[in-house]
Amino acid sequence: MKIAGNGNEIQLVRLCKRGSTKAQFKLYKLYSKAMFNIAVRMTNNSELAEDILQDAFIKAFSDIARLKDERAFGGWLKRIVINRCIDVMRKERFFIKNLEIVSDRHFEITDEVNEEFDPEIVHHFIKKLPEGARQILVMRALEGYKHAEIGEQLGVSESTVKTQFFRAKQLLGKMISEANENENRKIFRTEQIKA
């Protein structure tokens, strides 16, 4: 993950490795908003996301000496945030442990996000998804993880991840479709009243 317009990020990471709190603060300012958004999407809880964000930055800065490629700081931090979200969700018992496995039917699963929908509306509906389905949808469609990687991180099989991803997309599509139908009904009623 790269932050646009930041030419001295590598230097900041190197300074952090030497213990510079000013450099840590600058990196925090550069990445905190993006990492907070990831945590909110994963947990659906802004207070919990704030805690996760703080924990992730503490872990990142305490383990920064292990980071070999200073250019990879953003991706490394993102992985810490997502792993922390998963850990917290497990502890809070939000994560679905016993996922229902759909029979051996094969589904065509596409990972493309339809960009004709208003992102705010889509984000609103993503928040309403069940926890496990939402986590998998966020990790796959928004963060770009592969099904196998998600399964490994969540401790479930790849087929379970694919099933939950498919289920999340179906639920999301249904919610958006119903919202569009309701909006069309309102427009139709308004036109009838004016006529």
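Colleague: What makes R14 and E70 a salt bridge?
Modeller: Their closest N and O atoms are 4.0 Å apart. A salt bridge means a side-chain nitrogen of Lys or Arg within 4 Å of a carboxyl oxygen of Asp or Glu, so the R14–E70 pair qualifies. Mind you, this is a predicted model, where local features need pLDDT of at least 70, side-chain atom pairs count only at pLDDT 80 or more, and totals for chains, interfaces and linings use all residues. Residues are numbered from 1 along each chain as its sequence is written, and side-chain values use heavy atoms, leaving out hydrogens and water.

Colleague: Why can you say that the R14–E70 pair ties parts together?
Modeller: R14 sits in helix α1 (residues 9-17), while E70 is in the loop between α3 (46-63) and α4 (73-91), so the pair joins parts 56 residues apart in sequence. A helix here is a DSSP run of H or I, at least four residues, numbered from the N terminus.

Colleague: Is E70 buried or exposed?
Modeller: Buried: its relative accessible area is 15%, and the cut-offs are under 20% for buried, over 50% for exposed, partly exposed in between (1.4 Å probe, protein chains only). R14, at 37%, therefore counts as partly exposed.

Colleague: Which salt bridge do E70 and K17 form, N to O?
Modeller: One at 3.1 Å between their side chains. That pair also links distant parts of the chain, with K17 in helix α1 and E70 in the α3–α4 loop, 53 residues apart. K17 is partly exposed because its relative accessible area is 30%.

Colleague: How many salt bridges does the whole structure hold?
Modeller: A search finds 9, including D69 with R71, at 3.1 Å from N to O. R71 has 58% relative accessible area, so R71 is exposed.

Definitions and conventions:
Helix = DSSP H or I, 4+ residues; strand = E, 2+ residues; numbered from the N terminus.
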